[in-house]
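Thanks, everyone. Please have the sequence and the structure open.

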Amino acid sequence: MRAHLLLTVCGLLAPLTASSQPAAQRPVRPADLFRLRDVGAGRISPDGQWIAYTVTSVDSAKDKSDSDVWMVNWEGTRALKMAGSPDGESNPRWSPDNRYLSFVSGRYESKGGQIWLLDRAGGEAVRLTNLKGGVSEYEWSPDGTRIAVVSHDPDPEESKPDSLKSKHPKPIVIDRYAFKRDNEGYLDRRRDHVWIVDVATKKSEQITTGDYDDRQVRWSPDGKRLAFVSERADGDPDRFNNSDLFVVEAAPGTTPVKLTTWAGPDAGPAWSPDGKSIAYLQASEPQLSAYTQNTIAVVPSTGGAPRLIAASLDRDVNQLQWTTDGSALRFLLGDDRAQHLAQVAIGSGTVTRLIDGRRVVTSFDVSTTGRLVLNTGTARRSAEVYAWDSGSLRALTHVNDSLFAQLAVATTEDVQFRNKDGLTVGALLVKPAGFDATKKYPLLLRIHGGPNGQDQHLFNFEREVFAAQGYVVLAVNYRGSSGRGQAWKKAIFADWGNKEVQDLLAGVDHVLTLGFVDPNRLGIGGWSYGGILTDYTIATTTRFKAATSGAGSALQTSMYGTDQYIYQYENELGAPWKNPKLWERLSYPFYKADRITTPTLFLGGEKDFNVPISGGEQMYQALKSLNVPTQMVVYPGQFHGISRPSFRLDLLDRYLGWYNRYLMGVTQ
C-alpha cells in the first residue's frame with residue numbers, strides 16, 4: 001500500500017516555516033538518529049525557478065533508509081514532494097528545456113536503478129532506461145534529446161530467477177590483481193561503460209567498451225562530444241593508480257582520444273562554455289594514493305599541453321564548474337576544519353572565497369540564469385539547501401528545523417596546540433550544552449578515518465550524542481589529515497601509528513591544561529583508520545580507561561590480500577616479503593598487545609572488504625587471551641559503513657554502554 005501512495009503524491013505541499021521554539025530544549029538522544037533527515041545536493045532548474053533535492057529518512061518499522069525527490073521554489077515558500085517509492089530515488093536532474101525532472105530509482109525491480117522522467121506538465125513518472133547493468137550516473141545533452149549514462153556490464157546470471165541462482169550458485173573465479181572491493185564483493189571482468197539514451201525513442205547505444213572502467217561522462221556544449229574519465233593504462237589498469245581524461249564523439253563505433261598524460265589520477269572534467277577547453281582535477285603522484293590532493297588544471301579539448309591553475313593553493317579542491325563567461329571556475333575549497341565555496345580566475349589564478357567561515361559547503365549548482373544554490377551546514381545545524389542571493393545565504397529548505405528546535409546542541413570550538421615537533425595541530429573541542437568550566441568532565445578522543453579526511457564544522461550526530469551524555473569530545477586533525485596541505489598529508493607515508501599518535505596525545509595533553517577534564521576518565525575510539533589509530537594509541541599508552549575500535553586492524557601483514565588496498569601496500573610499503581621489518585613495525589599494536597591494559601570494544605561489518613572484520617577479531621582474540629576486558633560485535637550483512645538503521649542505533653548504544661561503564665561507573 002505504501003508504494004502506491006508514495007507514487008501518487010506529486011504536488012504534495014509541505015510547510016516551510018520552522019516550528020515554534022519549545023520552552024525547554026532536551027539533550028540529543030541516540031534514537032534521534034531516526035528523526036534526523038539528510039538533505040541531498042540541490043539542483044537548480046535552468047530557468048532558476050525551482051531546486052530539486054532528495055530527503056533521506058529512516059523507516060524504523062522496515063529498518064531501512066528511504067530517499068525521496070523534492071523540489072522547492074527560488075523564493076523558498078513552497079516545497080513539493082515529487083517522487084517517492086520504497087526502493088528510493090536519487091540523483092535528480094533537470095532537462096535543459098525545464099520540461100522534465102529526471103531521477104534514478106530501482107522501483108518495481110531488483111536490478112540496478114534506472115532513469116525515470118517526470119513531465120512537469122503533469123502525470124506520473126515514466127521509466128526511460130532499461131539497462132541490465134543499471135545506471136550509476138548520467139547527464140542530459142545540451143539540447144535535451146539524449147542522456148549520457150554510465151552503466152555496468154550486465155551479469156550473465158541476470159536472466160535467471162533469484163531462487164534458481166541461490167539454489168545453484170556458481171564458483172567465484174578470480175583473475176584480477178585488484179580482486180575485491182567493499183560493497184561490491186569479488187571483482188570480475190564486468191566493467192562500467194558509457195551509453196547514450198535517446199529520450200524520445202528510449203533506444204540505448206553503447207559508446208565505450210573494453211576491460212577498464214569509464215566514469216564521469218560530460219557533454220560538450222555543442223552536444224557532439226563526450227568527455228569521460230578512465231583507467232586505460234598500458235598493461236593491467238589495476239596495477240596503476242592512473243586515470244586520464246578522454247574525449248569521444250557522441251556516436252557508437254568512435255575511438256576515444258586521450259587528453260592527459262599525468263602519471264597519477266585525473267578526474268572531474270568540466271567543459272568551458274565555448275567547448276575549447278576542459279577543466280579537471282589533477283591528483284598527487286600515484287604512490288600518494290592514500291594522501292592525494294587535487295590541483296586545478298585546464299587542457300584544450302582537442303588535445304595539447306595542460307595548464308595548472310592556482311598550483312600554489314596547496315589545499316583540497318573539488319567539484320569544478322565554469323562561470324557563464326568562461327573567465328573563472330567555481331569549486332569547493334577544503335581548508336582547516338572548514339570547506340568553502342571559492343572561485344579562481346583562469347587568467348591570473350587569483351582565488352576568491354565566495355562563502356567562507358566556520359561552516360562546510362557540501363555541494364553547489366548554478367542555473368543558466370546565474371542563480372546559485374548550495375548545501376551547507378555548521379557544527380550546530382545539519383546541511384540544508386540555501387540560495388546565494390545578493391551575496392548572502394538564504395535558507396530554502398527547513399527539513400530539520402522542528403527537530404533542532406527541540407535539541408540542546410553542544411558547543412563546538414576550534415582549538416590548536418603544538419606537537420612534539422613544534423608544528424601546530426588543529427582540532428575541534430565539543431562541550432556539552434550547559435557546560436560548566438568549574439566541573440571535571442570525562443574526555444572522549446574520537447578519531448576520524450581516512451586518514452585523508454578532516455574533522456570539520458559540520459553537524460556530527462555521534463559527537464552530539466556523546467556530549468549529551470556529559471562527555472567533552474576532542475577531534476584532532478592529526479598529520480595525515482586533509483585541510484592543511486600536501487606536506488601535512490604525506491607526513492605519515494610508510495610511517496603509520498607514529499606521528500598521528502603523537503598529535504593525538506598532544507591534543508589530550510593540551511585539553512588537560514584547560515582544567516575541566518578529569519585525567520582519570522579518558523576514553524578513545526574511532527572507525528576505519530580511526531579504529532586503526534585507536535589500536536596504535538592504546539598499545540602506546542595506558543592512560544585511556546576505555547576504548548572502542550571500529551573496523552580497525554593491527555596485524556597489518558594479515559591485511560595483504562584480504563582487503564582492497566593492494567596498490568597502496570605495494571607502492572607505499574613494498575610487498576611483505578620485500579620489506580618484512582617495516583610490516584612488522586607497522587603491526588606493533590598486535591605484537592605489543594601485552595602492553596595494552598585499556599578495556600576495548602571491537603566492532604565491524606561482517607562483509608567488510610575495506611578493513612575486513614578479521615582485523616578486529618585478531619585484536620579481540622589477543623586481549624581476550626591476555627585477560628584484558630574486551631568484547632567483539634559483528635554486524636551481519638554489513639559492509640565497511642554500517643547502514644542498517646537498527647544497527648546504527650545499536651552501535652551508538654554500545655559505544656555509550658562501554659564508555660559509561662569504564663568512565664562513568666554505570667554498569668547497567
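Start with P256. Which residues is P256 in contact with, leaving aside its neighbours within four places in sequence? They are F228, R232, F246, V247 and V248. Keep in mind that this is a predicted model. P256 sits in the loop that runs between β19 (244–249) and β20 (257–258). Now look across to L245, eleven residues away along the chain. The C-alpha atoms of P256 and L245 are 9.6 Å apart.

Next, a sheet. Four strands make up an open sheet, ordered β11-β12-β15-β16, and the pairing is antiparallel. Which strands stand at the edges? β11 (137–140) and β16 (204–206) do. Each has a single partner strand, so one side of each lacks a neighbour in the sheet. On average, neighbouring strands here are turned by 25 degrees against each other, direction ignored. Zoom in on β11. It pairs with β12, residues 146–152, over four bridges in the antiparallel sense. Within that pair, E139 is opposite A148 in β12.

Last, two helices. α4 covers residues 461–468, and α12 covers residues 645–664. They pack at about 35 degrees, with axes 11 Å apart. The crossing of α4 past α12 is right-handed. Who meets whom? From α4 come F461, E462, V465 and F466; from α12 come L652, Y655, L656 and Y659. By type, the residues of this contact are seven nonpolar, one charged and no polar.

That's my tour. Over to you.

Note on methods:
Residues numbered from 1 in each chain as written. Predicted model: local features only at pLDDT ≥ 70, side-chain atom pairs only at ≥ 80, totals over all residues. Heavy atoms only, no water. Pairing = 2+ DSSP bridges. Axes fitted to C-alpha atoms, helices over the stretch in contact; angles between N-to-C directions. Left-handed = near helix turned anticlockwise from the far one by under 90°. Contact = heavy atoms within 4.5 Å. Nonpolar A, V, L, I, M, F, W, Y, C, P; charged D, E, K, R; others polar.
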